[in-house]
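Morning, everyone. Please have a look at the model on the screen before I start.

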Amino acid sequence: MMNPLRIRHGSRHGKLQNKILITLLFFLLGFLLGLMAKWLNTTAPNALPQIVRSLDLRNLFARTPVWVLIALAITLFSRNPRRASLNVLLFLVGVIGSYCLFSYLWGGRLPDQHNLLLWGIVTAASALVAFGVWYARCRGLLGTAISAVIIAYFILQIFSFTADFSHFYLSYGLAEVFILIAVIMMLYDGIVSCLISVGAAIALAYLVKLTGFSIPYVI
């Protein structure tokens, strides 16, 4: 029987310089990935290298699941929930910062203020969510429940279906299916808890679809 009190405990050990360096590296990662995504988006497809076209990276990084996957990985492998929030915050600030810089240098103007405000809200909300998501890797009922919610989110992002399953298809492509598999592997904590999480995620995703509940830009 799963023990709901088996909470994951973070680590506060480590030199301050190392913590600052790691956090700055997450900012740099976001900045570089943001530049890459913007470059892919503004470059004509036939001007991209063949390997980039073959992997369909242009479309992949224009969609939500891959960014959520990266933020999830940063969250789960951070030392504690506070570091997870900070790391995700700076990662997303790096992405937005590079997007703004690219737009200004190559387009001569910053993105629309409405979009900047929206991105700011999403970034702040993501940092708060990361605090709770960090506990997905704790053993017991709590970790299983959080994992189920995370997997359900990706199911709703990756698959489009009606409540009676008369229509069921991929929202994007096979790359997102591999993203879902990667998410399940990152959350894996034994076969039993994994099966429970996946089963609960499927039920939750179906319930969301059945009720028609939706959050703009999320599900």
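First, the ground rules. This is a predicted model, where local features need pLDDT of at least 70 and side-chain atom pairs count only at pLDDT 80 or more, while totals for chains, interfaces and linings use all residues. Residues are numbered from 1 along each chain as its sequence is written, and side-chain values use heavy atoms, with hydrogens and water left out.

Now the rings. How many aromatic pairs does the structure hold? Nine. Rings of Phe, Tyr and Trp (its six-membered ring) pair if their centres lie within 6.5 Å; planes under 30 degrees apart are stacked, over 60 edge-to-face, and the rest tilted. Take Phe-61 and Trp-67: they are edge-to-face, 5.6 Å centre to centre, with 75° between the planes. Phe-61 counts as buried because its relative accessibility is 14%. Trp-67 is buried too, at 17%. The cut-offs: buried is under 20% relative accessible area, exposed is over 50%, and partly exposed is in between, with a 1.4 Å probe and protein chains only. Phe-61, Trp-67 and Phe-91 form one aromatic cluster.

Another pair is Tyr-153 and Phe-154. They are edge-to-face as well, 5.3 Å centre to centre and 85° between the planes. Both are buried.

Lys-209 lies over the face of Phe-161, 5.2 Å from the ring centre. The test is NZ of Lys or CZ of Arg within 6 Å of the ring centre and within 35 degrees of the ring normal.

Next, helices. These are DSSP runs of H or I, at least four residues, numbered from the N terminus. H5 covers residues 81–107, and H6 covers residues 113–133. Their axes are 7 Å apart, at an angle of about 160°. Axes are lines fitted to C-alpha atoms over the stretch in contact, and angles run from 0 to 180 degrees between N-to-C directions.

Leu-101 sits in H5. Leu-101 is partly exposed, at 36% relative accessible area. Leu-35 is 66 residues from Leu-101 in sequence, but 8.7 Å away in space, C-alpha to C-alpha.

Last stop: Ser-197, in helix H9, residues 191–211. Is Ser-197 buried or exposed? Buried, because its relative accessible area is 5%. Beyond neighbours within four places in sequence, Ser-197 is in contact (heavy atoms within 4.5 Å) with Thr-144, Ser-147, Ala-148 and Ile-151.

Terms used: Helices (H or I, at least four residues) and strands (E, at least two) are DSSP runs, numbered from the N terminus.
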